[in-house]
Amino acid sequence: MATLYYLILAPMVYLAVAVSVLGTLWRIARLLRAPAAPPPPPIYPSRKPSWLFALGDALLLPSVFKHNAPLWAALGLFHLGLAALFLGHLELVADFKALQLIPHSIFLGKGLIGLTVLVCLMYFLCRRMVSPTKELSVPEDYLLLVLLLFTVLFGAQMDWARTWFGYSSMGVDEYRGYLSSLIRLKPSVEGVTSAGHSFMLVAHVFFANLLIMAFPFTKLMHAIFTFAMNKFRRG
Amino acid sequence: MEAQLHDSLVTLFESKLSTQMLLNLETCSRCGICTPACHAYASMPLAKYAPAYRAEVVRRIYKRYFTKQGRFMPVLGEAKDITDAALVELKEAAYSCTGCRRCMVYCPFGIDTQQIMSIAKLLLIGAQAEPETLSMLADMSVSKGENIDALKEGFLSGIKRLEDQVVEKWRSQGEHPIPTDVVGADVLYVALAGAHSIIPAAAVFNAAGEKWSLSFFEAVNFGAFVGDPTKTRLILDRIVNEAKRLKVKEVCICECGTAVRVAKQLKDAPFAVVGLTEMHARYLRQGRIKLRKLPGSYTYHDPCQIARNGGVYDEPRYILRHLVEDFREMSPDPKYNWCCGGGGGLVAMGEETLEFRMQSAKVKAEQMRGSKAEVVVTACENCHTQLSDLNRHYALGQRVVFLSSLVADALIP
Amino acid sequence: MSTIAYAKELDLRNLPCPMPVVKISKGIKEVAVGEVVKAITTDPGALTDFPAWAKTSGHQILETETTGTEVNFYIKRLK
Ligand code: HEM
Ligand code: SF4
Ligand code: SF4
């Protein structure tokens, strides 16, 4: 068991990050190496400066707001939630003064961010189980959502365990010890494998690893490609 | 399917993979926001008419041959081999899409389903499974370019027969009401085969005192409909060469959406390209023609290739303000105007596609009826044919007319 | 008036683009090889379209006859 915990918490993390970074670079390189064809016209009426409107389209999703407002709200909460989770994780590595400009306890959001993201994920999943989105969906779509769901669920549980139910055997100091050791390339997992709910951390990291590795080989690349696509549409 | 054909289709597919095409193929999150955007889906809510579903028919093949995921874990994305059954699906997807790009307005990423369908069309050509009618028309156009010297005389005699009708609309003529082959003309006008695309335009050119010349060729590009890049180029080159030979400053394309779009995509040509509607708006602005007001109530159907995909929204409305008192917008925001349902070669296939065209454009017919206008004006041959068919099929009791013919009818000295 | 005997007559007057060519290419398949179709047209473009179509599809235009604003083509199905 200890070996398995170690494999997931240390080598697999490195592997996942390497696969993800190299895979993403490879996919971007492939796009750039592809021949340029005469571009089709943009969508009119055009607005200037087109890059600014394209950026607005990519970040604010005005067309989703217009045509499916509930989905827009869920997407907004979900993606903002992801951003907040990212910042939250930074604080599990070390103390960042800039992030504490608005003082808060760690982890960010008192356990509500995970909950929000979970609700959004359930909504995305349900939406894909009914027509007409069902017919468009392929296994990848469900699998990614389930992966995310598991990752967030186990992550949130740890947070809830600590902040709502007072589990104190594994806390911010232990997380910081583990994560900063990973970054220093001297992984040390002792502090986080002996608590009663350590299995949650291992499961959380396991699913996160899968998700990180999946990034370059799935539609998650939309996070990067959207900027180029929207620029093409704006001309 | 034979291995050789299979391999050649994979190579053909690869030839379409430009940077932009890869982005179109790799970005879709299958969110389905585009689903209600398509007139075919809105009229007949079947999954196969959802834009992303059509795209997925092509994308599945893309994944199978060109992505790591499709090669190692095909089930994830339902990656698929090119088979005879796949060709049938490709044909259904591509030839129920009119290329209007309304779905592109809805998509949060701006995925261009029409571009993706161009892969399907090319594969069909490679497998000799494209609609026969369209390739027959494209071949005819190409052959015309190759044999124009032998064909000129017949064309000129046909043009001569129209002159009286031009003069009827606008009397004060020079020597030739329909000039052809004028070296040094300012404008080369490229029409269609039918007299209705020549006579009104000629009258307006003459009224505006334009130094123009009629092209020997038809503007429409059947190569583009069937999705054959080589033939598209050959067909366009006929016009480019004529324009260069006559040293014109501008090439003016008749009321044909495809023709306008294809010609406007020309890069580095020694002449500018304008559509007839833009030309007429310019004449009005410059005071070169004057129009009387026509009675009745009017609405305007924006041809997708001229408006959403060409940016010409203001010009037809400017002309109509001079032409009529009672103008009613068809769609609150013209960017969202429904496609007529006849583009992408569907109208050119005639009776073959009539039933599908009528069913898939039910929302268009409702929009026409909803405008409560007596006259539906448009500026594209395909749209005109399709709207006329809808008018008949749904017994709308409206009149469908070309904008250019209204302008010609309303000319005053 | 032409004296050529024909098996079928097609009225292709005042049709939108590209119906005259589409209809003749369908119509010619409805007569036997060796028989003739008469097509009545009003499009000036038909005078270039029809010969170009006949060439690419392998049929023969026997005669082109002008009457007022109309042009009649007599086309023999060769295959
Ligand atoms: C600027 C960046 C981004 C934009 C514009 C964007 C846009 C979108 C849009 C429009 C959707 C709707 C698709 C749907 O409902 O399926 C979506 C869904 C999603 N996005 Fe993003 N996204 C971005 C970044 C990210 C990032 C960084 C991730 C991180 C992994 C991510 C993960 C997801 C997931 C998992 C879904 C749900 C897919 C589903 O419903 O099946 N996105 N995004
Ligand atoms: S381009 Fe038009 S016809 Fe084609 S899928 Fe999109 S909305 Fe439908
Ligand atoms: S709106 Fe765009 S991303 Fe969503 S399913 Fe349609 S094409 Fe794909």
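This is a predicted model: local features need pLDDT of at least 70, side-chain atom pairs count only at pLDDT 80 or more; totals for chains, interfaces and linings use all residues.

Reader: Where does ligand 1 lie, and how many residues surround it?

Author: Ligand 1 lies between chains A and B, and 22 residues surround this ligand, the closest being A58(A), H79(A), L148(A), H222(A) and S29(B). By class, that shell holds 15 nonpolar, 4 polar and 3 charged residues.

Reader: Which side chains place polar atoms by the nitrogen and oxygen atoms of ligand 1?

Author: For nitrogen, an N or O atom in the side chain of H79(A) is 2.8 Å from a nitrogen atom of ligand 1, and the side chain of H222(A) likewise has an N or O atom 2.8 Å from a ligand nitrogen. For oxygen, a polar side-chain atom of R128(A) lies 2.9 Å from an oxygen atom of the ligand. The elements that give two or more residues to the shell are α3 (50-60), α5 (69-90), α6 (112-128), α8 (139-163) and α12 (222-234) of chain A.

Reader: How should I read the second largest pocket, and what lines it?

Author: Rolling a probe the size of a water molecule over the atoms shows where empty space is left. In this model, the second largest pocket has about 1200 Å³ of space, and of the 50 residues lining this pocket, Q115(B), A224(B), T232(B), R261(B) and Q265(B) are the closest to its centre.

Reader: Which element supplies the largest share of that lining, and what is its make-up by class?

Author: The largest share, 6 residues, comes from α9(B), while the lining by class has 24 nonpolar, 20 polar and 6 charged residues.

Technical notes:
Residues are numbered from 1 along each chain as its sequence is written. Chains are lettered from A and ligands numbered from 1 in the order in which they are written. Side-chain values use heavy atoms; hydrogens and water are left out. A residue is near a molecule or strand if one of its heavy atoms lies within 4 Å of it. A polar contact is a pair of N or O atoms within 3.5 Å; within protein, one must be able to donate a hydrogen and the other to accept it, and residues adjacent in sequence count only if both atoms are side-chain atoms. Helices (H or I, at least four residues) and strands (E, at least two) are DSSP runs, numbered from the N terminus. Ala, Val, Leu, Ile, Met, Phe, Trp, Tyr, Cys and Pro count as nonpolar, Asp, Glu, Lys and Arg as charged, and the others, Gly among them, as polar. On a 1 Å grid over the protein atoms alone, a cavity is a set of points where a 1.4 Å probe fits but cannot get out, and a pocket is an open set with protein on both sides within 12 Å along at least five of seven lines; lining residues have an atom within 4 Å of a point. Grid points are joined across faces, edges and corners, and a volume is the space filled by probe spheres set on the points.
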